[in-house]
Amino acid sequence: MALTTFVINLDSSSDRLSEITQHLSDRGIDFTRVPAVDGRQPDHAEADRYDSRSARKIIGREMMGGEIGCFLSHRRALGVFLQTKESHALILEDDAILEPNIIEKIENAVAWLDISASKGWRTINVGRAKLPISTHLCKLGEHNLFAAHYAPMGAYALVWSRKGAEEFLALSEKISAPVDNTMQNWLCRNSGGFAISPELAFVSYAESVIDKTAHGQRPARGRFQRSWLYGPRKQKRLWKNRLWAYIRKAGSSI
């Protein structure tokens, strides 16, 4: 199995790059830096990917520039991954904090899925372990691998297969929701999303680059230019995803 690591980092966030470089060195992990897209600059190269009308329809508000940049940065990292010959990739945001021996745990999970996932797999979320609708698959020492039928939010530490990367790039040519919302919608409907619990990765206490929210505070982005339909549209989206998750769980054969 081949696993390569990428870190998404803004050119202006040199402090974060220094911190995660030292952190990954302590973990014995080499990585490739992927320059992040600064979506707060309205003239960035891929600004035309954002579909404002669809965003208001799907999430009931406009997306913030930082959210758009975050999504484009993940797309860029997936593109860089697919330019390699590697079979799997660990893509990190630059505020990720990793557990010791994370690569060994990921390799064990990937090896299990490569053998046992009859329909293949798309992603493993190693940073969020909220799994209300899931199926336990196997133990990985003190950790556990789950089929995450209701895919957890959060995109700061994701393992991708080439299949998953190719599919996600194809479906996200236009952007109309934050990257983790889009991933959740996609995985609930199509399956192929997995997670490890307890988490193997966390986020640091650094201030959010998207909206300057301090760690532990409610993010401002959820309130950005909301329409009066924000609440109903959010609930409709969540309940659709739950319904798909229950359908996928009932028919799960891994």
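Visitor: How does the lining of the second largest pocket divide into nonpolar, polar and charged residues?

Guide: In this predicted model, the lining of the second largest pocket has 6 nonpolar, 4 polar and 8 charged residues. The pocket itself holds about 410 Å³ of space.

Visitor: Which residues are closest to the centre of that pocket?

Guide: Of the 18 residues that line the second largest pocket, Lys57, Ile58, Asn185, Arg189 and Arg237 are the closest to its centre. As for the elements behind that lining, α2 (52-58), α6 and α7 are the ones that give two or more residues to it.

Visitor: Okay, α6 and α7 then. At what angle do they pack?

Guide: Helix α6, residues 179-190, packs against helix α7, residues 230-250, at an angle of about 35 degrees, and their axes are 7 Å apart.

Visitor: Is the crossing left-handed or right-handed?

Guide: The crossing in which α6 passes α7 is left-handed.

Visitor: And which residues meet there?

Guide: From α6 there are Asn181, Gln184, Asn185, Cys188, Arg189 and Asn190, and these meet Arg237, Leu238, Lys240, Asn241, Trp244, Ala245 and Arg248 in α7. Sorted by class, the residues of this contact are 4 nonpolar, 5 polar and 4 charged. Asn185 and Arg189 of α6 and Arg237 of α7 take part in this contact, and these three residues are also among those closest to the centre of the second largest pocket.

Visitor: What lines it, and where does the largest share come from?

Guide: The largest cavity is lined by 14 residues, with Asn125, Ala151, Pro152, Met183 and Leu187 lying nearest its centre. The largest share of that lining, 4 residues, comes from α6, while β5 (123-125), α6 and β9 (193-197) each supply at least two residues. By class, the lining of the largest cavity has 8 nonpolar, 5 polar and 1 charged residues.

Visitor: Last topic, aromatics. How many aromatic pairs are there?

Guide: The count comes to 4 aromatic pairs. One of them joins phenylalanine 71 and phenylalanine 168, whose ring centres are 5.7 Å apart.

Visitor: Why does that pair count as stacked?

Guide: The ring planes of phenylalanine 71 and phenylalanine 168 lie at 10 degrees, so the pair is stacked, the cut-off for stacking being planes under 30 degrees apart. This pair links distant parts of the chain, with phenylalanine 71 in helix α3 (residues 65-83) and phenylalanine 168 in helix α5 (residues 162-171), 97 residues apart.

Terms used
Residues are numbered from 1 along each chain as its sequence is written. This is a predicted model: local features need pLDDT of at least 70, side-chain atom pairs count only at pLDDT 80 or more; totals for chains, interfaces and linings use all residues. Side-chain values use heavy atoms; hydrogens and water are left out. Axes are lines fitted to C-alpha atoms, for helices over the stretch in contact, and angles run from 0 to 180 degrees between N-to-C directions. A crossing is left-handed if the near helix is turned anticlockwise from the far one by less than a right angle, and right-handed if clockwise. Contact means heavy atoms within 4.5 Å. Ala, Val, Leu, Ile, Met, Phe, Trp, Tyr, Cys and Pro count as nonpolar, Asp, Glu, Lys and Arg as charged, and the others, Gly among them, as polar. On a 1 Å grid over the protein atoms alone, a cavity is a set of points where a 1.4 Å probe fits but cannot get out, and a pocket is an open set with protein on both sides within 12 Å along at least five of seven lines; lining residues have an atom within 4 Å of a point. Rings of Phe, Tyr and Trp (its six-membered ring) pair if their centres lie within 6.5 Å; planes under 30 degrees apart count as stacked, over 60 as edge-to-face and the rest as tilted. Grid points are joined across faces, edges and corners, and a volume is the space filled by probe spheres set on the points.
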